[in-house]
Every structure is written in C-alpha cells, then in structure tokens.
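Here's a quick tour of a protein model, written for someone just starting out. Have a look at the picture, then read on.

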Amino acid sequence: MIYKSRYIDLTLSFVFLYSIFFIFHKFLGGKVPFWDFHITYCSAKTFFLDNFPYGLNVHSECLHPNITLTANYAPSTLEILKYLGSINILIANFFWVFLQIISFFFIFIILKRIFKFDYHLRNFFLVFFSFGSTIFFSFMSGNISVILYGFLALGIFFLKKNCFNYYYIIVLFVSLFKFYYLTFLLLPFFILGWKSIKNIFIYLFLFFLIQY
C-alpha cells in the first residue's frame, strides 16, 4: 500500500506540474485567461442589447482578439444569462469566479457528507487533476461546467434526502445550459424504479417545452 501510495503521489505531482506548465505556456503564447467566460459574457451582452448573438465575428467588439470562439447557447439559456452582460466585464468576471468557488464548496461538502470524502491533500489533487485535469482546466477557462457541477452536487444532496422534485428541478436547470445533463434524470430510477418514470417524462417534456 505504501508503494502504491507513492506511485499515486508521483503521478499526481507530474500531472499537476504539467498542467501548470501547460496553462502558463498557453498564456505566454497569447491565450487569454478565462477564455470560455469571455464568450459567455459577450454572448450575454449581445443578447441583452437585442442583437443576434450567433455567427463569426459577431462579438468582435467585445471579445479579446485572441479569442475566436462563437456563441453556442440556446436562446432560452441566453435569457437566463443576459443580465450578466449588463454589467462591466471585470465585475462579471469577479462574480463568475465567486460562483466557481461556491460551486467547489458545494462539491466538497457533498462529497464529505454523502461519500465520506477525506479532506486529504492527495484527494483534492485527485479531484482537480484526474481525467486530464478536466476540472482544473475548466476553472482556468471560466467554463460554465464548474458552476453546473456545484448545482449537480446540490441536486445529489436533495436526491439523498429523497427530495426528488428539488433534484429534478436542478437537473432541468443545468440541462438548459448543457443538454446532456438530462441523463441525470435517470438516477431516481435506480432508487424508485418504475415509479420515477412519470416524473422523468414530465421533466423531459418541460425541457423541450422551454427550449423549443
């Protein structure tokens, strides 16, 4: 066990150092921090100003020249985000980072309460730098997924407490940003069995009703 632990520590140390190097290399090469947040903000701002938010160069006056991303949110999602675009980008960026930190807070609290997560430094590194450092890079890019993870963690807490409607509402909400989170609607099926099918279809219907 001692040797296995050392292998894990060495692997995590290598992945951590490589991830830090990769980010700084990108930034020195002209990559802009929180690049995903920038397109989210500019999409929201364009939509808030009642302009069409889709297409190349639509956000050229808002985006940093080194960011070439385009808007990919549905109109219903932009209705939720548009007031983000009504404030200064620096304030919006601070608010976004604050939401990300709150999201991590929820994630680790839920991990502790439900999955008996041990607050050991190695375990924090495992969360942040496993699977290609997905969560670390998502945080550095300002990807909305980090915030949605926090909502899903809260949903898991309600699921554990058998507060199924709260869970369904949270899954419905996050699915408006990334539709594949609809798969989380299936989790109550493993608890309630066929009794959950009715609610699953109701919330699927609500999703398509809101979107289309």
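What follows is a short briefing, from the overall build down to single residues.

This is a predicted model, where local features need pLDDT of at least 70 and side-chain atom pairs count only at pLDDT 80 or more, while totals for chains, interfaces and linings use all residues. Residues are numbered from 1 along each chain as its sequence is written, and side-chain values use heavy atoms, with hydrogens and water left out.

**Overall build**

- The protein has 9 helices and 0 strands; both are DSSP runs numbered from the N terminus, with helices (H or I) needing at least four residues and strands (E) at least two.
- The C-alpha trace spans about 55 × 50 × 25 Å along its principal axes.
- Of the 212 residues, 41% count as buried; buried means under 20% relative accessible area, exposed means over 50%, and partly exposed is in between (1.4 Å probe, protein chains only).
- If you take contacts between residues at least 6 apart in sequence, 64% of them join residues at least 24 apart; a contact here means heavy atoms within 4.5 Å.

**Surface and charge**

- The accessible surface comes to about 13100 Å², and 70% of that belongs to carbon and sulfur atoms; the areas come from the Shrake-Rupley method with a 1.4 Å probe, and for residues only the protein chains shown count as cover.
- There are 15 positive and 6 negative charges, and their mean positions are 16 Å apart.
- For this tally, Lys and Arg are positive and Asp and Glu negative, with His and the chain ends not counted; each charge is placed at NZ of Lys, CZ of Arg, CG of Asp or CD of Glu.

**The cores**

- The largest nonpolar core has 29 residues, and Phe37, Leu84 and Trp96 have the most contacts inside it.
- The elements giving two or more residues to this core are α2, α3 (75-81), α4 (89-115), α5 (121-141) and α6 (145-160), and α2 gives the most, with 7 residues.
- A second, separate core has 23 residues, including Ile107, Phe108, Ala153 and Leu182.
- By nonpolar core we mean a set of buried Ala, Val, Leu, Ile, Met, Phe, Trp, Tyr and Cys residues joined through side-chain atoms within 4.5 Å.

**Two residues to look up**

- Tryptophan 96 touches Phe37, Thr40, Leu81, Leu84, Gly142, Ile144 and Ile147, if you skip residues up to four places away in sequence.
- Threonine 40 lies in helix α2 (residues 35-48) and is buried, with a relative accessible area of 2%.
- Leaving aside neighbours within four places in sequence, threonine 40 is in contact with Tyr73, Leu81, Leu84 and Trp96.

**The disulfide**

- Cysteine 42 and cysteine 62 form a disulfide, with their sulfur atoms 2.1 Å apart; the cut-off for a disulfide is a pair of cysteine sulfur atoms within 2.5 Å.
- Cysteine 42 sits in helix α2 and cysteine 62 in the loop between α2 and α3, so the pair ties together parts that are 20 residues apart in sequence.
- The link of cysteine 42 and cysteine 62 is left-handed, with -80° about the S-S bond.
- Cysteine 42 is buried at 0% relative accessibility, whereas cysteine 62 is partly exposed at 25%.

**Positive phi in two loops**

- Phenylalanine 34, in the loop between α1 (2-28) and α2, has a positive phi near 60° and counts as buried at 15% relative accessibility.
- Asparagine 162, in the loop between α6 and α7 (164-175), has a positive phi near 65° and counts as partly exposed at 48% relative accessibility.
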